[in-house]
Amino acid sequence: MTQPNEAVEILLVEDTPTDAELTIRALKKRSLVNNLVWVKDGAEALDFLFASGAYAGRDSAHQPKVVLLDLRLPRVSGIEVLRRIKADERTRSIPVVVLTSSKEDVDVEECYRLGVNSYITKPVSFDAFIEAVGELGLYWLLLNKAPRE
Amino acid sequence: MKNNRLAMFPHSTVFQNAALAALAWTAVSAGSLSWYLIGSDQQALEIARHEAGAYIAKDIAFRAWATSHGGVYVPPTDGTPPNPYLSGVPDRDVVTTSGKKLTLMNPAYILREVQTHFSGPFGEKGRITSLRPLNPINAPDDWERSALQRFEEGAKEVSAVSDIKGAPYLRVMKPFIVEKGCLKCHGQQGYKVGDVRGGIAVSLSLEPFYTASGRTKQNLVAGHAAGWMLGLIAIGFVARQNRRREIERKRAEDAVRRSESGLAEAQRIAHLGNWELDLVSNVLSWSAEIYRIFEIDPQEFGASYEAFLAAIHPDDRAMVDQAYTESLAKRTPYDIVHRLLMKDGRIKYVNQRCETYYGSDGKPVRSLGTTHDITERQRAEEQVRALNQELEERVKERTVQLEHANKELEAFAFSVSHDLRAPLRAIDGFSRILVEDYEAELDPEARRLLGVVRENSAHMAQLIDDILSFSRMGRRDMEAGEIDIGTLARSVFDELRAGAPERTLRLTVGDLPAARGDQAMIRQVLANLISNAIKFTGPRPEALIEVGGNPGADENHYYVRDNGVGFEMQYVDKLFGVFQRLHSAEAFEGTGIGLAIVKRIIERHGGRVWAEGRVDAGATIHFTLPVKEKRDDAAQ
């Protein structure tokens, strides 16, 4: 799906393939998936963002316009990924939207404390899910003005 | 008691003393009586002797008088013939100038005549006698002879009591000393002046004296008897008084002994001894019980403050000394617990208390105190403490376990929320995608079936949300505040009515007491109850929902009533259970958790929940909230 030479617009961090597929479908409906990278765990997400490991050759100057981050991930948790993004000068300004099934208050508070830009609980209903993901994609990709550029 | 006294009597010193006194008094009385009786006889004899002496003196005087005249001339008669024993005496017979014949009566002759013819008032009989009488009549009897012999040896008077014809007589005899005049008649016998010529004797009947003495004796006996009796009565009276006093003293002593032994018994039973410390002389006295508590032989104890310190547990000595010294200096109460170390290593606990008395100079004089063996109590307390600690530890352990279980449950809830929702979302999403992407190829029945799949996934999503909500109600921190139940109910009702525009719903709100609690939670309660009411009044053309209540002293009472389908009271217990439903899902949709959440919230507030209803006659759900805020976290 990704084109190596094009600027990545969305980094989707999601371990559940069905959720990933539904998310991509929702974004596709709004024509927002031109440059989407899907990674399946936190470690891969960090490798991508900091151009290490499998993504060692990537140009880290080109960062995604938004990171859609699931919280419960294998290897490195979503919370940890969020902390690392917001703690690093190079990645701090990337908008991070947490997409999670969890309604646990602790997670919400922890995410906002770490500087999350949005927190969305994934609705079970397909319609509601499509709606929510579409809205946030629109907002962060088209309406939000990033500090750089 | 009386028998005891009688039995005791012979051993009484009072009785012994009284008996001794009576004996002594009897002896004194008898002695006195015999003394007086003997004295009385002697006195009678003395008087008789005196009488006899006077008689003799008279005779002697008479004879002396006659001697001084050389005799007396009397006319010779038959009674007084010329004395033949004087034939040798010149002028024995003379004739007066008138021719009257006279004959000489010598003194002895005259005296004998007088003695023969006259006797005294007491029957005295006088007599003259001589070892060498001129007249043989005057010859002495045996007693007279021995008396005359004693005169020659120099005796001045001889007397004796003797029987004369069966009657007692006093015989007294005095000597006649030869005078010049005597020689006229007795010179011829060879006497010289100063020789004992003979004796003059008198016999005095003692009868009258004895008679007088006998009367005196009777009086003496009567007087002594009376005195003796009086004395005995006095002794008896005194003895009675003493006896009474003795009994009283004995009774008092018994009472003291009883009270002392009672005190000792009480001390033994209570393990409580008393002590006294004389601070001036540093003498410490202990009651027997303290010796028992300390397990010290009284013989081995030094009985001083230092000895006491030495007897207690070495580790407590400094503390005890300081506490006591401080209480003396500051005049504060001395009430401490310290340990004793027994010889076999046992430890005892004692409670010491005392009060100290101070002299006028402000210095402590003596302390009166108690020593209480509280080892048993201490042991029990320690046991209780140990048990409590064990219990606390067990509670702590259980709490840790519970917290662990709770954490696991939370983790489980999180897992449910996350892991079950994702597959549901996939089921819903992909069935929808199927419909979207293959619409042309699906017939209506296939689409209906996919619809059933989606409906059920939606229901399952609701169940999961409700479980999480229920679990969250238990864990959430509560914020207490004033709540207007009526306003809250109306707000909830308005929101819910918006979701059912096709229904005719009416809400009446009564005059409700203000409540105290967590606004969000109570709102949840009202939402659940009112939505239930709306749901179960579905078949009614007009739903009547009433929110009412009344204030109480400890808790306020509220209720939500509807005119819905109601329920069977026999299943009322199931109403508040999780996932308990009294109606089929087809008739009334729902997860069966709404009332369980209500119960949980109300109970966390310290209130109660109950329900009443009848089939087709509506249902009323009651709940109470405490007037004073009370957080019952144990209901979690």
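The contact (heavy atoms within 4.5 Å) draws 24 residues from chain A and 23 residues from chain B. This is a predicted model, in which local features need pLDDT of at least 70, side-chain atom pairs count only at pLDDT 80 or more, and totals for chains, interfaces and linings use all residues. Residues are numbered from 1 along each chain as its sequence is written, chains are lettered from A in the order in which they are written, and side-chain values use heavy atoms, without hydrogens and water.

Chains A and B bury about 2,100 Å² between them. Carbon and sulfur atoms carry 52% of that area. Buried area is the accessible area (1.4 Å probe) that two parts lose on being put together, summed over both.

Between chain A and chain B there are 6 salt bridges (a side-chain nitrogen of Lys or Arg within 4 Å of a carboxyl oxygen of Asp or Glu). One salt bridge joins Arg432(B) to Asp127(A), at 2.4 Å from N to O. Three elements of chain A, namely α1 (17–29), α4 (105–114) and α5 (126–143), each give two or more residues to the side that touches chain B. Helices are DSSP runs (H or I, at least four residues), and strands likewise (E, at least two), numbered from the N terminus. The largest share, 6 residues, comes from α1(A).

Arg72(A) lies in the loop between β3 (66–69) and α3 (78–87) of chain A. Its relative accessible area is 29%, so Arg72(A) is partly exposed (between buried, under 20%, and exposed, over 50%; 1.4 Å probe, protein chains only).
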